[in-house]
Amino acid sequence: MKMCRLFLQLCLGLTLLSGLAKPDLDPLQDYCIADTKSPLYLNGAPCLNPTLAHSSHFTTSALAKAGDTKANQFGFSVTLTTLANLPGINTMGLTMARVDIAADGLVPPHSHPRASEVTICLQGVILVGFVDTSNRLFTQKLEPGDSFVFPRGLIHFLYNMEPKKPALAISGLSSQNPGAQIASRAAFVSNPPIPEVVLEKAFQISRQDVAKIRKNLGG
C-alpha cells in the first residue's frame, strides 16, 4: 500500500513538472506587443497598451538581408527575429531565424535548451542531423523546399554540402527565447574554463590537444 501511494505521488509530481516545463507560457490575450522602453524586467516583456498597436508591430524585414558568414571560423550566420525588430512576437512562443551558410560551411553541433526547431532549405544542399539521448544519429540531405525537425534540447547541425555555393535556410523555433549552446565552445571556451583534466578525460585527449582546440576556437 505504501509503495502504491509513493508511486502515485511520483506520477502526480511528474505530471505537474511536465506542465511547468513548457517552453513558453500560453498568452492570455490576442497579442502582447513588447514595450521595449518599459523599465520593468520580466520573464518576457511588458505589454504595450493595445490601443497603440498597429500593423508594423507584426512585420519585419530583419530576415531579408544575408548575414556575414565570415564573422566566425565555421562559415555561418544566424539572423533572429527579436522583440526589437518584431515586437508583436512577444508571448507568441516562437522565433524565426535566417540561416546563411558559406560554401562548405557548417553550423556546428549545438542545442536549443528551450525549443524544438523546424528548418526549411531555401537554397543549396544542406546535410542536417541530430543525435538523440541514446546516441542514435538521424541525418537527411535537404534540397530547396525540403524540411527537417530538430527535437527540443538535442544536439544538431547543418552542413552546406556545396563546395562553391552558399546555402540558405529558414527556421522556426518553439520559444520566444530558445537559447543556443555550441557544444565545442561550451566545452573548451567556457568562462571560467573547465579544468584541463576534465576535458582530457572526457574527450580522451592530451593537454596539448586541449590547448590547441581552445586556441582554434578563440579561447
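Author: Two strands pair if DSSP finds at least two bridges between them. With that in hand, we can look at this predicted model, where five strands make an open sheet in the order S1-S2-S9-S4-S7, paired in antiparallel fashion.

Reader: What makes S1 and S2 a pair?

Author: Five bridges join these antiparallel strands, and a pair needs at least two, so S1 and S2 qualify. If you want a spot to look at, Ser77 has Asp100 in S2 as its bridge partner.

Reader: Let's stay with Asp100. What makes its contact with Arg98 a salt bridge?

Author: The closest N and O atoms of Asp100 and Arg98 are 2.8 Å apart. The limit is 4 Å between a side-chain nitrogen of Lys or Arg and a carboxyl oxygen of Asp or Glu, so this pair counts. A search of the whole structure turns up four salt bridges.

Reader: Are Asp100 and Arg98 buried or exposed, and how do you know?

Author: Asp100 has a relative accessible area of 7%, and Arg98 has 10%. Buried means under 20%, so both Asp100 and Arg98 are buried.

Reader: Why is the pair of Arg207 and Glu196 said to tie parts together?

Author: Their closest N and O atoms are 2.9 Å apart in a salt bridge. Arg207 sits in helix H4 (residues 207–216) and Glu196 in helix H3 (residues 196–203), so the pair ties together parts eleven residues apart in sequence. Arg207, at 46% relative accessible area, and Glu196, at 28%, are partly exposed, because both values lie between 20% and 50%.

Reader: What makes Arg214 and Glu196 a salt bridge as well?

Author: Their closest N and O atoms are 3.8 Å apart, which is within 4 Å. Arg214 in helix H4 and Glu196 in helix H3 are 18 residues apart. Arg214 is buried, with a relative accessible area of 14%. Through shared partners, salt bridges join Glu196, Glu200, Arg207 and Arg214 into one network.

Reader: Now the rings. Why is the pair of Phe188 and Phe203 called tilted?

Author: The structure has five aromatic pairs. In this one, the centres of Phe188 and Phe203 are 5.1 Å apart and the planes are at 40°. Centres must lie within 6.5 Å, and planes under 30 degrees apart are stacked while those over 60 are edge-to-face. Phe188 counts as buried at 6% relative accessibility, whereas Phe203 is partly exposed at 43%. Elsewhere, ring pairs link Phe130, Phe138, Phe148 and Phe150 into a cluster.

Reader: Which residues of the largest nonpolar core touch the most other members?

Author: Among its 21 residues, they are Ile101, Ile126, Val128 and Leu158. Elements giving two or more residues to this core include strand S2 (95–101) and strand S5 (126–131). S5 gives the most, with three residues.

Reader: What is Val128 in contact with, beyond its neighbours within four places in sequence?

Author: Its partners are Phe138, Thr139, Gln140, Leu142, Phe148, Phe150, Phe157 and Leu158.

Conventions:
Residues numbered from 1 in each chain as written. Predicted model: local features only at pLDDT ≥ 70, side-chain atom pairs only at ≥ 80, totals over all residues. Heavy atoms only, no water. Core = buried A, V, L, I, M, F, W, Y, C linked by side-chain atoms within 4.5 Å. Buried < 20%, exposed > 50% of the residue type's maximum accessible area, 1.4 Å probe, protein only. Helix = DSSP H or I, 4+ residues; strand = E, 2+ residues; numbered from the N terminus. Contact = heavy atoms within 4.5 Å. Phe/Tyr/Trp six-rings, centres within 6.5 Å; stacked < 30°, edge-to-face > 60°.
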